[in-house]
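Please examine the sequence and the structure shown here before reading the report.

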Amino acid sequence: ALAADSALTVRGRGPQRIYNNGNKLFSVSKYQPIGAIEYNNAQFMGIPFEVIIKQFRIYIGNRKFETIEKCVSCFKDFLVKEPMLSQLAKYEKYFVERVAQDFIAGAGVDFNKLYGEAVEKNGSELKPEDLQSLLEQTVSISEQYVNALPELGTDIDISYIKNNYAEKIYEIIDNSFNFDLKTISNDIRLRLFNASIKIFEKRFDRAGYCGVLFAGYGEELLLPSACHFYIYGIINGVLISQPIEEINVTNEKSCAIIPLAQVDVMRIFITGLSDNILDAISKSIYSSIGEVIEKSCDEIQKKEIVRKCITSIKEKMALEFTQPVLSTVSAVPVQELTQFAEMLVSLTSMRRHVEDNMNLDTVGGPIDVSVITKSDGFIWINRKHYFDKELNPQYMFTHYNYGDKIVEKTKEEGDDEI
């Protein structure tokens, strides 16, 4: 069962706006039971994701895929090779600049933190040589951050980015570290530039990604599976994407619950605690250890104590919360399953409606729900339309071949007046 809300958040120069009419849940194929959910960004490289996924449905026609993974692979190839999506190339410059800006902005945050600490310590404005030292520290932090990130695994031509976007990336660096005194040296600029280039090879949390989940049944599989991945952009004909997880239902693993996008409320329901609370507990334990047994415990021992505590908490969470839910979900009828999926989204929607923070109402609107079975295919349980179906009968004729079915049925009954 798949479920998705309808809230679209639009952020501009003014206050953010929320529209409760977005489509995030789609049928991938008319000939195979596969569905898709998209979240975080309603557009990919300037084109609405809804347009892309529906064009992909036409592109694959009656083709069937042995596994969901092969369907995802075909989708990624489609994004790069489909002629009708040729305008995606026009947004390459915007994508490259946005990634560089995100990374260099992070370096700017590091510098401002170091600058504030230095001013507070010295009690006065810093000298040019002090600024130079802070910049050196900032670049070192940025380089360490990039080196620590896992590889993205995409065959991207870094020399292409250097040759085509060096001037713009240097401009972003200069604008981000724009001092009255000419403090930023060519060496600093070069190191920041190289780190900015290297980030394209890493699993960097780029803003504006499209989160996508494909779920359903492969042609040769009896049990369902799902593929969760991010797509970021296209550079020189190469799709920048990141696999998140693959889920396969088996005899040993009879079900899975996969929260997407704003997952905190659903995780609390499923596990008993959100990831943020677990992190806070971990930090609190670490801090308490330092206060109580500072002299008799080194850093490695502290971290091991924290790890054991968190592992014990997670085991208790799994026993008391997660396992009872999963054991029930794996056995419920299809109708109950769709209600459960809708309820999880409704819980998040209600939480966002009543909480007092920047996430107010960012989950909401009608909830689209579908169920996918091997025999019945992709079935809509709840689906909103931006139009009244009664006023637009041609929609059912053109999209679901109702006209052909009526003609065939009438001919079978011997009625010549059609």
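## The chain as a whole

This is a predicted model. The protein chain has 418 residues, of which 40% count as buried. Its secondary structure comprises twelve helices and twelve strands.

Among contacts between residues at least 6 apart in sequence, 66% join residues at least 24 apart. The chain exposes about 24200 Å², and carbon and sulfur atoms supply 51% of this area.

Helix 4 covers residues 128-148, 21 residues in total. At 1.5 Å a residue it should span 30 Å, and its end C-alpha atoms are 30 Å apart, which agrees.

The buried residues in helix 4 are Leu131, Leu134, Leu135, Thr138, Val139, Ser142 and Val146. Because they cover an arc of only 140° around the axis, they lie on the same side of helix 4. Glu129, Gln144 and Ala148 are exposed on the other side. The buried residues of helix 4 pack against helix 3 (92-122) and helix 6 (186-198).

## Aromatic rings

The count of aromatic pairs is 21. In one of them, the ring centres of Phe49 and Phe75 are 6.1 Å apart; their planes are at 65°, so the pair is edge-to-face. This pair links distant parts of the chain, since Phe49 belongs to helix 1 (residues 49-60) and Phe75 to helix 2 (residues 68-81), 26 residues apart. Both Phe49 and Phe75 are buried.

Ring pairs also link Phe49 and Phe75 into a cluster with Phe26, Phe56, Tyr59, Phe78, Phe214 and Phe229. Over the ring of Phe229 sits the charged end of Lys76, 5.0 Å from the ring centre.

Note on methods:
Residues are numbered from 1 along each chain as its sequence is written. This is a predicted model: local features need pLDDT of at least 70, side-chain atom pairs count only at pLDDT 80 or more; totals for chains, interfaces and linings use all residues. Side-chain values use heavy atoms; hydrogens and water are left out. Helices (H or I, at least four residues) and strands (E, at least two) are DSSP runs, numbered from the N terminus. The expected span of a helix is 1.5 Å times one less than its number of residues. Buried means under 20% relative accessible area, exposed over 50%, partly exposed in between (1.4 Å probe, protein chains only). The arc is that of the directions from the helix axis to the C-beta atoms. Contact means heavy atoms within 4.5 Å. Accessible areas come from the Shrake-Rupley method with a 1.4 Å probe; for residues, only the protein chains shown count as cover. Rings of Phe, Tyr and Trp (its six-membered ring) pair if their centres lie within 6.5 Å; planes under 30 degrees apart count as stacked, over 60 as edge-to-face and the rest as tilted. A charge sits over a ring if NZ of Lys or CZ of Arg is within 6 Å of the ring centre and within 35 degrees of the ring normal.
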